[in-house]
Amino acid sequence: MSVELNAAKRLARLGARVFGGVVRKTTPQDYKVVKLFAQRPWQRDLPNWYPPIQQYNTLLLRLRHLGLYVDEHLDFQDAMDTQRRARGKAPTKKGEGKRATKKGGKKK
């Protein structure tokens with residue numbers, strides 16, 4: 001007899017798990033918590049959590065091009081690129097590397 005009761009309890013618990021019910025016995029006070037967790041959170045209705053970084057970057061690059069914003073890191077990178085080009089250390093254009101010059105490839 002007790003085996004049948006245990007099997008019925010197990011089936012009831014399994015059915016509650018599968019179909020989203022409460023697995024254990026709960027009091028009405030505890031069931032309020034179940035209802036709260038069953039509701040959809042209001043934070044998901046917020047439009048977007050992260051700022052539009054791409055738009056900020058393009059805006060800052062445009063302002064830098066116009067001279068209204070100074071980005072010291074980009075200025076330093078530009079200065080280093082010009083120095084490398086002046087020393088002849090800049091990367092070659094596509095088709096003008098060592099392999100192309102060895103074969104007598106593209107010459108302008």
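**Close-up views of charged side chains**

**View 1. Arginine 64 and aspartate 78 join their side chains in a salt bridge, 2.8 Å from N to O.** A salt bridge here is a side-chain nitrogen of Lys or Arg within 4 Å of a carboxyl oxygen of Asp or Glu. Arginine 64 sits in helix α3 and aspartate 78 in helix α4, so the pair links parts 14 residues apart in sequence. Helices are DSSP runs (H or I, at least four residues), numbered from the N terminus. This is a predicted model: local features need pLDDT of at least 70, side-chain atom pairs count only at pLDDT 80 or more, and totals for chains, interfaces and linings use all residues. Residues are numbered from 1 along each chain as its sequence is written, and side-chain values use heavy atoms, leaving out hydrogens and water.

**View 2. Aspartate 75 also forms a salt bridge with arginine 64.** The closest N and O atoms are 2.7 Å apart. Aspartate 75 lies in helix α4 (residues 72-87) and arginine 64 in helix α3 (residues 53-66), so this pair ties together parts 11 residues apart in sequence. The structure holds 2 salt bridges.

**View 3. How exposed is aspartate 78?** Aspartate 78 is partly exposed, at 39% relative accessibility. Buried means under 20% relative accessible area, exposed over 50%, and partly exposed in between (1.4 Å probe, protein chains only). Arginine 64 is partly exposed at 23%. Aspartate 75 is partly exposed at 35%.

**View 4. Arginine 10 lies in helix α1 (residues 2-18).** Arginine 10 counts as exposed, with 61% relative accessibility.

Methods. Helices (H or I, at least four residues) and strands (E, at least two) are DSSP runs, numbered from the N terminus.
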